[in-house]
Amino acid sequence: MPAPPPTNAIFTAMTPRAYGMLAVLCGALFLDALDVSMKGVALPAIGTSLDISTSTLQWVITGYVVGFGGFLLLGGRAADLLGRRTVLLVSLMVFVIGSAVGGAAPNGEVLIAARFVTGVGAAFSAPAGFSIITTSFAEGHIRNKALAIFTATGATGMACGMVIGGLLTDLDWRWVFLAPAAVGLAAFLAGLALIPRSPRPEGGAKDFDIAGAVAITATMVLVVFTLVQAPEVGWASARTLGSLVVAALLLAGFTAIERRVDKPLVRLSMLRSPALVRANIAAMSLIGAWIGVLFTMTLYLQEYRGWSAMETGFAVSPVGLVAAVLSTRIAAPLVGRFGVERVVLAGLTSAVLAYALLQFLTADSSYAALMLPAFLLIGLGFSLAYGPLTMAAADSVALQDQGLAGGLVNTSFQIGPALGLSVATAVNAANTGPAPSEVLHGLRLALVVPLIFAVLGVLAMLPALRRRVAPPVAVTLPKEEAARG
């Protein structure tokens with residue numbers, strides 16, 4: 001007989017109320033995921049309107065990434081200890097306020113500060129939403145289906161941000177900030193009604209490891225900040241090396257704190273889980289490679305080939321379209337049949353094939369013959385890997401650590417882009433020149449970086465091939481629910 005679902009699971013079937021709650025969580029994740037790529041399209045208009053220099057303009061993106069990546073672990077643990085519904089709703093309002101202030105910003109300083117606040121809000125909402133799903137839906141087919149829908153929304157937002165950003169920028173760049181604020185407010189109001197209340201966690205705020213929270217947040221903020229600044233100041237500069245040394249010392253201090261306190265922010269034993277480690281390496285690989293490709297192909301299409309921002313956005317849109325269509329249709333059934341890690345491995349392999357194909361990019365490469373197949377393969381890779389990665393993180397830890405597991409994997413989803421973008425930027429800058437042939441040479445070498453990232457992800461997941469696959473879990477469903485599937 002199959003094991004019954006966890007006793008605290010609210011939903012054992014995909015009821016209308018379950019879909020309503022899932023819609024709220026998907027809306028919050030969609031806003032988080034599309035943010036960076038959507039704002040990137042609007043940067044030239046923002047710089048002209050607010051008279052921001054090119055070197056300062058990058059902080060419209062960097063400020064958000066630092067806030068998001070730096071506070072994710074804290075956000076994940078806060079959801080576990082303070083209540084997931086509460087943390088999600090409060091963080092949604094922080095996101096709304098930050099976005100609204102950004103849209104009304106009179107100068108660059110206010111805009112950058114608002115971006116940091118928005119990133120912090122997203123850092124708390126992303127792991128809270130993830131853990132609400134993993135603790136509210138019964139383990140098995142129902143939870144996998146909910147996670148597939150949830151993460152498909154994230155993949156779609158990340159891939160389609162350029163198209164949405166281009167459309168809004170054509171109206172006015174401020175709508176790139178104000179529209180997400182309006183959607184976030186709607187998600188907050190819907191969440192008040194549709195997200196069920198759950199028992200308050202035992203201990204709650206009095207068990208919060210404040211010293212550990214300060215240490216790990218300072219570490220993550222410094223690491224993300226260093227990664228995004230390294231291409232500008234130099235990877236071997238005293239500033240970069242000094243920052244990394246300080247981050248290492250902070251991490252050592254955090255480890256010492258966690259070994260000493262009774263209720264640590266992060267149980268260090270979690271990090272000894274091979275499945276959790278593999279999931280986080282693969283998460284860094286998947287998103288880091290994609291952001292590196294997105295950056296490089298944007299330069300190639302807009303600056304080298306002369307395409308408009310809108311044309312570029314539609315050119316890469318097949319990634320999001322494939323992810324949106326296939327993620328909810330193939331991920332959960334394949335996980336049930338082959339196991340979560342093997343499905344992730346297949347997705348990363350698809351990405352490797354895509355980035356290998358882009359190595360043949362030339363001055364006049366055909367979109368239909370070269371770029372479109374690569375983008376379709378990347379979309380397939382997202383469909384197979386993005387959602388199952390969150391399933392792998394959830395399956396590798398205890399129920400009370402679901403928020404932290406979500407924080408860890410989402411941190412990897414942020415560290416990966418920071419590292420991938422930094423390395424691709426550095427490689428391109430070091431190998432480009434004024435002549436068109438030199439520009440193309442730099443872009444082609446930059447495209448090697450995503451390929452290496454994707455290969456490292458495949459290598460991390462190879463041990464999955466040696467593991468036996470558990471029997472499909474769909475048999476735990478009632479017959480009528482299984483038929484609706």
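In which helix is the place of Ala 182? Ala 182 has its place in helix H7, which spans residues 175–194, where helices (H or I, at least four residues) and strands (E, at least two) are DSSP runs numbered from the N terminus. The legends below describe a predicted model, in which local features need a pLDDT of at least 70 and side-chain atom pairs count only at pLDDT 80 or more, while totals for chains, interfaces and linings use all residues. Residues are numbered from 1 along each chain as its sequence is written, and side-chain values use heavy atoms, with hydrogens and water left out.

**View 1. The whole chain and the confidence of its prediction.** The protein has 17 helices and zero strands, and buried residues (under 20% relative accessible area, with exposed meaning over 50% and partly exposed in between, for a 1.4 Å probe and protein chains only) make up 57% of its 485 residues. The average pLDDT, which is the predictor's confidence in each residue from 0 to 100, is 81 for the protein, and 87% of the residues score at least 70. Over residues 1–7 the pLDDT is below 50, and this stretch has six contacts in the model beyond near neighbours in sequence, a contact being heavy atoms within 4.5 Å. Residues 471–485 also stay under 50 in pLDDT, and for them the model has 18 contacts beyond four places in sequence. Where pLDDT is low, the predicted coordinates should not be read in detail. Among the contacts in the protein with a separation of 6 or more, 84% are between residues 24 or more positions apart.

**View 2. The largest nonpolar core.** A nonpolar core is here a set of buried Ala, Val, Leu, Ile, Met, Phe, Trp, Tyr and Cys residues joined through side-chain atoms within 4.5 Å. The largest such core holds 133 residues, of which Ile 46, Phe 137, Trp 290, Met 297, Tyr 355, Ile 378 and Phe 382 touch the most other members. Helix H1, covering residues 16–50, gives the most to this core, with 16 residues.

View 3. Asp 51 is found in the loop between H1 and helix H2 (54–57). This residue has a positive phi of about 55 degrees although it is not a glycine, and Asp 51 is exposed, with a relative accessible area of 71%.

**View 4. Helices H3 and H4.** Helix H3 (residues 59–82) and helix H4 (residues 84–103) pack at an angle of about 155 degrees, with their axes 9 Å apart; axes are lines fitted to C-alpha atoms, for helices over the stretch in contact, and angles run from 0 to 180 degrees between N-to-C directions. H3 and H4 are therefore roughly antiparallel to each other, given that angles under 35 degrees count as roughly parallel, over 145 as roughly antiparallel, 65 to 115 as roughly perpendicular and the rest as oblique. On the H3 side, Tyr 64, Ala 78, Ala 79, Asp 80 and Leu 82 meet Arg 84, Thr 86, Val 87 and Phe 95 in H4. By class, this contact of H3 with H4 has six nonpolar, one polar and two charged residues, where Ala, Val, Leu, Ile, Met, Phe, Trp, Tyr, Cys and Pro count as nonpolar, Asp, Glu, Lys and Arg as charged, and the others, Gly among them, as polar.

View 5. Ala 182 is partly exposed, with a relative accessible area of 48%. The C-alpha atoms of Ala 182 and Ser 99 are separated by 9.0 Å, although the two residues lie 83 residues apart along the chain.

**View 6. Helices H15 and H16.** The axes of helix H15 (residues 436–446) and helix H16 (residues 448–461) come within 4 Å and cross at roughly 5 degrees, which makes H15 roughly parallel to H16. Arg 444, Leu 445 and Ala 446 in H15 meet Val 448, Val 449 and Pro 450 in H16, and by class the contact has five nonpolar, no polar and one charged residues. Ile 452, which lies in helix H16, is partly exposed at a relative accessible area of 45%. Between Ile 452 and Ala 289 the C-alpha to C-alpha distance is 8.1 Å, and the two are 163 residues apart in sequence.

View 7. Thr 296, in helix H10 (residues 274–304), is buried, with a relative accessible area of 0%. Not counting residues up to four places away in sequence, Thr 296 touches Ala 424, Leu 443, Ala 446 and Leu 447. Asn 431 is found in helix H14 (residues 402–431) and counts as partly exposed at 29% relative accessibility. Leaving aside neighbours within four places in sequence, Asn 431 is in contact with Glu 438, His 441, Gly 442 and Leu 445.
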